[in-house]
Amino acid sequence: MTSSTYQYDAFISYRRQEPDKAFARWLLKELKAAGYRVAFDEVDFSPRATFLNEMERCCQASRLVLAVISPRYFESGNTDMEATITTVQGMSDRNNRFIPLIYEEVQRPTWMYSLVGVNFTDEDPLVPPLERLKVAMGEPLFGTAASNSTTSAPPPRPSPASTDEKGPTKDLQARLKLMRRLSGLPNPQFEQIVFALQPPAGSMPGSSAPLGDRVAALLNWAEGTGGCGLEDVEAVLAAILNG
């Protein structure tokens, strides 16, 4: 894909809860003020489409994918992260298009550690991280960079003492284990789980979609607002396997 075919300079991938959400909104404002065209879920996702489909579309339509890295980005329930990582890993030029923005230190996938990224945790950087990011992004595709834009201070980060470094890793491992168990089910058994849990219409792709996509959508609904929770998913799965 050439630069002329991209719709956006960058897509911001982040965990849609505080404080990550406030930081992502601040980043969006600063990059737009600097002349970049940025894809952002609250602005660019179609209300008629699924989150997973829009996530993939924005990743593919953007020259760069900016991921706000924190413990919450990798924790249980964040299928947006899983969809982003899956899409990025399928890109032949992923190392040139994916920029991790370290908002809080956390254990990351091995392949992501090979990327320098931009560290926003340094309290006294030689070069402000936002300026480093702009240099890494280069000139905007759809105009010129604003030379007189003023930079506001980012929202405060949680103190390191409040970060549970072991919890997110444990949650991620548990979630991946559950995803593997569900993804290994025969279709009839997975349909029994869907029937028992009754997710709302439109929250999951149809039965003809790949099982992995349906599993991710089911877990995204289960942990979202109004969802049944992972405990119910595990309970139904156990009942079916032991029945």
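These questions and answers walk through a predicted model. In this predicted model, local features need pLDDT of at least 70 and side-chain atom pairs count only at pLDDT 80 or more, while totals for chains, interfaces and linings use all residues. Residues are numbered from 1 along each chain as its sequence is written, and side-chain values use heavy atoms, with hydrogens and water left out.

Q: In what order do the five strands of the open sheet stand?
A: Let's start with the terms: helices (H or I, at least four residues) and strands (E, at least two) are DSSP runs, numbered from the N terminus. Two strands pair if DSSP finds at least two bridges between them. The pairing in this open sheet is parallel, and the order is E2-E1-E3-E4-E5.

Q: Which strands stand at the edges of the sheet?
A: An edge strand here has a single partner strand, so one side of it is left without a neighbour in the sheet. The strands placed this way are E2 (38-39) and E5.

Q: How many residues of strand E1 are buried?
A: Buried means under 20% relative accessible area, exposed over 50%, and partly exposed in between (1.4 Å probe, protein chains only). Strand E1 covers residues 8-13 and is largely enclosed by the rest of the structure. The count of its buried residues is six of the six.

Q: Which residue in E3 is the bridge partner of Ala-10?
A: E1 and E3 run parallel and are joined by five bridges. On its pairing with E2, E1 has two bridges, and there Phe-11 stands opposite Ala-39. For Ala-10, the bridge partner in E3 is Leu-64.

Q: Which residue of E4 stands opposite Ile-69?
A: Strand E3 (residues 62-69) pairs with strand E4 (residues 98-102) in the parallel sense over five bridges. Val-68 stands opposite Leu-101 in E4. Opposite Ile-69 stands Ile-102.

Q: Which residues of E4 point the other way from Phe-98, Pro-100 and Ile-102?
A: In a regular strand the side chains alternate between the two faces of the sheet. Five of the five residues of E4 are buried, so this strand is largely enclosed by the rest of the structure. Phe-98, Pro-100 and Ile-102 point one way, and the residues pointing the other way are Ile-99 and Leu-101.

Q: What kind of aromatic pair do Phe-23 and Phe-120 form?
A: Rings of Phe, Tyr and Trp (its six-membered ring) pair if their centres lie within 6.5 Å; planes under 30 degrees apart count as stacked, over 60 as edge-to-face and the rest as tilted. The whole structure holds eight aromatic pairs. For Phe-23 and Phe-120 the centres are 5.1 Å apart and the planes stand at 80°, making the pair edge-to-face.

Q: Over the ring of which residue does the charged end of Arg-37 sit?
A: A charge sits over a ring if NZ of Lys or CZ of Arg is within 6 Å of the ring centre and within 35 degrees of the ring normal. The charged end of Arg-16 does this over Phe-51, 4.3 Å from the ring centre. For Arg-37 the distance to the ring centre is 3.9 Å, and the ring belongs to Phe-142.

Q: Where is Pro-19 found?
A: Pro-19 is joined to Glu-18 by a cis peptide bond, with omega about 5°. Its place is the loop between E1 and H1.

Q: Is Gln-198 buried or exposed?
A: Gln-198 is in the loop between helix H9 (187-197) and H10. Its phi is near 55°, a positive value in a residue other than glycine. With 54% relative accessibility, Gln-198 counts as exposed.

Q: What separates the C-alpha atoms of Leu-211 and Ser-183?
A: Leu-211 lies in helix H10 (residues 211-223) and counts as buried, at 17% relative accessibility. Leu-211 and Ser-183 are 28 residues apart along the chain, and their C-alpha atoms are separated by 6.3 Å.
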